[in-house]
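Open the model in your viewer and keep the sequence panel beside it.

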Amino acid sequence: MGKRVRLLSSALALGALLGSPFVGAASAGATDAPPVHIIGVDNASPSGHNFEYVDFFPHSATTVHLGDVIDFAWNAGSPDGFHTATLLKPGQSVAAGYAANPLVISDEDATIHAQLNPSIIAPTDPTCGHVASNPCTYSLDNNNQLNSGAMPTVPGGHFFVTTVRDGDVSAPTTINFLCLIHHGMVGSFTIVPAGTAATTSASESAAAAAQYNTETTGALAAETTADEKSVTNNGDGTHTITMTAGTASTGVEVLEMLPKRVEIRPGDKVKWVTTTLIDIHTVTFPQGHGSDSVDPLPFACELAGSTDAPATSGPPTFGCSSPTAIEGHVVPQPQGPTAIASTSTVASSGLIAAAEGPLPFPDRFTFSFPNSGTFAYQCRIHDNMVGTIVVNRAQNPTTPPVLAQTGGGSPWQRLPLLLGALVVLAGLAVLRVRSVLRK
């Protein structure tokens with residue numbers, strides 16, 4: 001997730017820490033500490049790749065006793081990860097949990113009218129859950145969910161939880177949990193009676209490792225498939241190059257522009273299509289702070305009047321009166337021109353998402369490039385999802401070259417047609433020679 005949302009979550013976390021009784025209590029461990037069960041949130045991207053694992057590790061193999069501690073541990077090896085670990089109400093289904101927690105809500109006192117849901121970004125209880133000695137309590141006797149709040153995958157990201165009820169469970173009881181940011185990132189653990197053995201750290205680690213290996217293999221295959229472009233010759237001598245802005249496989253979002261570097265000619269167009277499953281993306285020029293003005297998630301401060309005020313400074317306050325006054329607005333539409341004329345042109349595709357997904361955003365966007373240059377760009381949702389378009393001037397600009405059109409199958413598939421044409425030409429040549437000899 002981009003720096004803007006990371007900063008918002010960091011600001012909310014800082015506000016909680018400043019007034020929290022657990023600050024400085026990390027070293028005060030209990031003498032008889034309960035068992036700790038680790039459930040990973042996201043996972044480490046392989047070197048040279050930008051994979052976001054939209055899954056928990058393990059996502060279904062953990063059994064615990066009442067009073068055990070569950071450590072939801074954010075994996076800092078994921079460059080752009082941003083997640084919640086949210087325990088749903090006892091007996092609540094995943095579908096009902098997502099329906100009760102929309103990611104984006106209306107903001108009628110703002111000119112943009114849409115904002116990230118503060119109840120998702122902020123934790124249910126900011127005074128607990130950051131150290132194992134002070135876990136947040138999830139009660140089976142209360143009809144309440146328990147949310148970690150949204151946290152980036154940076155070192156030290158943990159959400160410690162313990163489960164309680166009035167008396168022991170008489171039968172295995174399954175609790176569903178999920179990430180409220182990534183629909184489909186779900187898991188569960190089961191509370192078993194005291195007489196039933198809980199899973200061990202070794203078995204949980206083995207299940208997580210097997211799951212990681214399977215999902216990584218699928219992601220590498222999806223990345224390889226998407227890492228190519230297709231070229232269409234336009235009627236005016238220019239070309240349209242189609243490439244991928246993020247793809248995915250089961251459990252993994254591949255946060256990459258594929259191919260990462262594309263070379264074209266002046267006047268050509270580039271069409272980005274996302275084949276993601278869960279995440280949203282943008283294609284935004286230029287890369288870096290030069291495109292801050294077209295950020296799809298700008299900050300604002302909640303005011304008592306009829307409108308919100310734009311943020312006037314950086315974190316942790318953003319110029320707002322308190323951390324709870326910070327709002328992350330949502331601007332989904334394209335911004336700026338559709339022609340990237342220079343390296344200083346500021347433009348964004350707006351939000352794009354999977355064509356078959358639940359989000360009402362297009363799955364593609366096209367920019368044209370009238371002039372030579374090297375144009376670096378990025379996704380403004382995922383800061384490490386970057387690419388480069390290199391526009392090289394043709395040797396003879398008055399006669400644009402015709403690039404080899406792709407996307408219609410391998411040239412080898414057309415070999416029989418080529419051979420057939422050669423046979424016809426050879427036959428015509430023989431007939432022509434015979435005609436000449438007869439004269």
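This is a predicted model.

**Stop 1: a sheet.** Select β4, β15, β14, β7 and β11. These 5 strands make up an open sheet with mixed pairing, and their order across it is β4-β15-β14-β7-β11. At the edges are β4 (62-64) and β11 (146-147), each of which pairs on one side only.

**Stop 2: inside the sheet.** Keep β7 (residues 86-87) and β14 (residues 173-178) on display. The two strands run antiparallel and are joined by 2 bridges.

**Stop 3: a positive phi.** Most residues other than glycine have a negative phi, and most peptide bonds are trans. Now select D42. This residue is not a glycine, yet its phi is positive, near 70°. D42 sits in the loop that links β1 (36-41) and β2 (51-53). Is D42 buried or exposed? With a relative accessible area of 1%, D42 counts as buried because the cut-off for buried is under 20%.

Stop 4: Go to L258 and P259. The peptide bond between them is cis, with omega near -10°. P259 lies in the loop between β18 (252-258) and β19 (261-264).

Stop 5: Finally, select F285 and P286, which are joined by a cis peptide bond with omega of about -15°. Where is P286 placed? P286 is in the loop running between β21 (284-285) and β22 (299-301).

Key: Residues numbered from 1 in each chain as written. Predicted model: local features only at pLDDT ≥ 70, side-chain atom pairs only at ≥ 80, totals over all residues. Heavy atoms only, no water. Helix = DSSP H or I, 4+ residues; strand = E, 2+ residues; numbered from the N terminus. Buried < 20%, exposed > 50% of the residue type's maximum accessible area, 1.4 Å probe, protein only. Pairing = 2+ DSSP bridges.
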